[in-house]
Amino acid sequence: TEDQEKTINDILNDMIKETRMNRLVLGDVGSGKTIVAIVAILANYLSGYQATFMAPTEILAKQHYESITNYFKDYDIKICLLTGSQTKKQKEKLYQEIELGNYDIVIGTHALLNDNLVFNNLGLVITDEQHRFGVNQRNLLQNKGGEADVIYLSATPIPRTYALTIYGDMDVSIIKERP
């Protein structure tokens, strides 16, 4: 849609700036926020950086993992899923692989906030349903990447003027049209 294209252009323009992107993407469920995030992930990958995508529930994280894996099935992009239900041994192996840079995209839940998780070259942090995470949790993840760009996705209907009041320190893109 035109709103998606405008949002993608806003994101890509933010990504080439020297300063950290800090963008909230608002849109109803089904408005196409995820595909916008996937385009940002691809641009980030093509620039040589890792990306992480945090969801508030394991079910949603698995859905994102499956859809993103499907979108990138024809590319040599390594994707992993990190959740709280994985064993300690599984998580430790993933931490090691992520730190070595063996994964380009890390999708997960609150498990991404673990102190043992260190990224090799994190360039993009995406948080879905950002209102379900506390400020400290969001900051903890984005700080794992130094100056990594940040995108928050939300379906919570917030009028633009109110959103700017609440989230004045970030840019806001609104997707109203449905695909």
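Strands S1 and S6 run parallel and are joined by 5 bridges. Strands here are DSSP E runs of at least two residues, and helices are H or I runs of at least four, numbered from the N terminus. Two strands count as paired if DSSP finds at least two bridges between them.

This is a predicted model, where local features need pLDDT of at least 70, side-chain atom pairs count only at pLDDT 80 or more, and totals for chains, interfaces and linings use all residues. Residues are numbered from 1 along each chain as its sequence is written, and side-chain values use heavy atoms, leaving out hydrogens and water.

| Strands | Bridges | Facing residues |
|---|---|---|
| S1 and S6 | 5 bridges | Arg23 and Ile151 |
| S1 and S7 | 5 bridges | Val25 and Ser173 |
| S2 and S5 | 5 bridges | Phe53 and Ile126 |

These strands belong to an open sheet of 7 strands in the order S3-S4-S2-S5-S6-S1-S7, with parallel pairing. At its edges, S3 (79–82) and S7 (171–175) each pair on one side only.

Now for a helix: H3 (residues 58–71) lies across S2, S3, S4 and S5, at about 175° to S3. Such angles run from 0 to 180 degrees between N-to-C directions, with axes fitted to C-alpha atoms, for helices over the stretch in contact (heavy atoms within 4.5 Å).
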